[in-house]
Amino acid sequence: MAILPILEVPDPRLRRISEPVAEVTDGIRALIADMFETMYAAPGIGLAAAQVDRPIRLLVMDLGDGPPDAEGKGTRNPRVFINPEILEPSEELGVYNEGCLSVPDQFAEVERPARIRARWLDQDGVAHEAVLEGLAATCLQHEMDHLNGILFIDHLSRLKRSMLLRKLEKARREKAAA
Ligand code: NI
């Protein structure tokens, strides 16, 4: 396994439209393992293949909402979504303070459908269909945006987006000077 470099704004490769996965091969499963390692190391709760320069319709997610451990804390719950589709978004909207490993350390509230019915393949190529809600719904929609070259900052007003990108540039300059 390997930790992969994560593309960051304004890298134009983040704007590509990802291609469907034709077949879930061992190569894809190796990429999935690397993506989980990369996401856990970052750390993050979701990562699209597009963010590690592989423009295919694959994303991973772990909300840490697995069965509670001895201390009652949530455990890892790795989930893989290949060729995901949203079938029914709810009219009701939910708001989360979103962040993104490609827009490091910047956060903003984004409104999205609160519940979605989705369909996808897992790492064994098995089809699933389920209703996701709350953070899982937000995370899946955020990561699916990456497959279409869209970032969460695109959902903000022009003013909010430019403020956030200026903050990111300032943080980068300070880091480079440190
Ligand atoms: Ni993201």
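**Reading strands, cores and a surface patch**

Biologist: Which strands pair in the antiparallel sense over seven bridges?

Modeller: In this predicted model, strand β6, residues 115–121, is paired with strand β7, residues 127–133. As a general idea, side chains in a regular strand alternate between the two faces of the sheet.

Biologist: Which residues touch the most other members in the largest nonpolar core?

Modeller: In soluble globular proteins, nonpolar side chains tend to be buried together. Here the largest nonpolar core has 17 residues, and those touching the most other members are Ile 28, Ile 32, Met 35, Leu 58, Val 60 and Ile 82. At least two residues of this core come from each of α1 (26–41), β2 (58–61) and β3 (79–89). The largest share, six residues, is supplied by α1. Another core lies apart from it, with 15 residues that include Ile 116, Ala 136, Ala 137 and Met 144.

Biologist: With which residues is Met 35 in contact, leaving aside its neighbours within four places in sequence?

Modeller: The contacts of Met 35 beyond those neighbours are Leu 4, Leu 47, Ala 48, Ala 49, Val 52, Leu 58, Leu 59 and Val 60.

Biologist: Which residues form a nonpolar patch on the surface?

Modeller: The patch consists of Ile 45, Tyr 96 and Leu 135, which together have about 220 Å² of accessible area. Ile 45 is in the loop between α1 and β1 (46–48). Its relative accessible area is 38%, so Ile 45 counts as partly exposed.

Conventions. Residues are numbered from 1 along each chain as its sequence is written. This is a predicted model: local features need pLDDT of at least 70, side-chain atom pairs count only at pLDDT 80 or more; totals for chains, interfaces and linings use all residues. Side-chain values use heavy atoms; hydrogens and water are left out. A nonpolar core is a set of buried Ala, Val, Leu, Ile, Met, Phe, Trp, Tyr and Cys residues joined through side-chain atoms within 4.5 Å. Buried means under 20% relative accessible area, exposed over 50%, partly exposed in between (1.4 Å probe, protein chains only). Helices (H or I, at least four residues) and strands (E, at least two) are DSSP runs, numbered from the N terminus. Contact means heavy atoms within 4.5 Å. Two strands pair if DSSP finds at least two bridges between them. Patches are made of residues with over 30% relative accessible area and no salt bridge: like charges are joined within 9 Å, nonpolar side chains (Val, Leu, Ile, Met, Phe, Trp, Tyr) within 5 Å. Accessible areas come from the Shrake-Rupley method with a 1.4 Å probe; for residues, only the protein chains shown count as cover. A salt bridge is a side-chain nitrogen of Lys or Arg within 4 Å of a carboxyl oxygen of Asp or Glu.
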